[in-house]
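Please read it alongside the sequence and the structure shown here.

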Amino acid sequence: MATGLLAAVIGLAACDPKNISELEEGVSTEADVRARFGEPENIWDAPNGRVLEYNRQPQGQKNYLITIGADGKMSALRQVLTPENFAKVQPGMMMEDLRKLLGKPAKVTPYALKRETEWEWRWVQPPNSAMVFTATLNDDQRVVRSGSLPDRGTEAP
C-alpha cells in the first residue's frame, strides 16, 4: 500500500510541468486548477481571493501556491521553495506565516529538551543541487533560526 502511494505521489509530481502548462493566469478557474492538481493540501483566505496549497513534500522538492482571485480566476501559480522565499524567513516570524510562505514541510522534528521544533523542506538549488531548508521554531511557534544545507538523502532530478 505505501509503495503504491509513493508511486502515485511521484507520478503526480512528474505531471506538474504538463498541468502547469495547461493553466493560464487570468483565464483558468479554480475548477481547472482542481481538475489538474486535485484537492489542495490547504486553503487560505487572501486579500483578493484565496490560496490553494499543493504540497509535493516529502518525496518531491517543490510546493505550489495557487492564488484564485475574487473573480474565481487563477491570478498566480508559484513554486515557493526558492532562495528568494527562504531569505524572507527571519527570526520572530510566526509559524502560520512560515507555512503560508513555504507550504507544508517535508518533515517536522520536535526536540522537547531544547523546547524547539525543526521544520524541513527539500528543494533544488539551480541548476540541480538537492538541498534541505530548515527553520527552527521555539515554544512560542516563532522562528529562531533557519538555513539550507545539501540534502544528503536524495539526488536532485
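1. In this predicted model, the largest nonpolar core comprises 15 residues. The members that touch the most other members are Val89, Leu98, Leu102, Trp121 and Phe133. Three elements, α4 (95-102), β6 (116-125) and β7, each contribute at least two residues to this core. The largest share, 4 residues, is supplied by β7.

2. Which residues does leucine 102 contact once its neighbours within four places in sequence are left aside? They are Asn63, Val80, Leu81, Asn85, Phe86, Val89, Trp121 and Phe133. Of these contacts, Val89, Trp121 and Phe133 are also named among the core members that touch the most others.

3. Another core, of 10 residues, lies apart from the largest one. Its members include Leu23, Val33, Phe37 and Ile68.

4. The model contains an open sheet of 4 strands, in the order β5-β6-β7-β8, with antiparallel pairing. The edge strands are β5 (107-111) and β8, each of which pairs on one side only. On average, and with direction ignored, neighbouring strands of this sheet are turned by 20° against each other.

5. At one end of the strand order, β5 and β6 pair in the antiparallel sense over 5 bridges. Within this pairing, valine 108 has tryptophan 119 in β6 as its bridge partner. Helix α4 packs on the sheet, where it touches β6, β7 and β8. The direction of α4 makes about 15° with that of β6.

6. Threonine 136 has arginine 145 in β8 as its bridge partner. The hairpin of these two strands has 4 residues between them. In this hairpin, glutamine 141 takes a positive phi near 60°.

7. Over residues 1-12, however, the pLDDT is below 50. Beyond near neighbours in sequence, that stretch has 4 contacts in the model.

Note on methods:
Residues numbered from 1 in each chain as written. Predicted model: local features only at pLDDT ≥ 70, side-chain atom pairs only at ≥ 80, totals over all residues. Heavy atoms only, no water. Pairing = 2+ DSSP bridges. pLDDT = per-residue confidence, 0-100. Contact = heavy atoms within 4.5 Å. Core = buried A, V, L, I, M, F, W, Y, C linked by side-chain atoms within 4.5 Å. Buried < 20%, exposed > 50% of the residue type's maximum accessible area, 1.4 Å probe, protein only. Axes fitted to C-alpha atoms, helices over the stretch in contact; angles between N-to-C directions.
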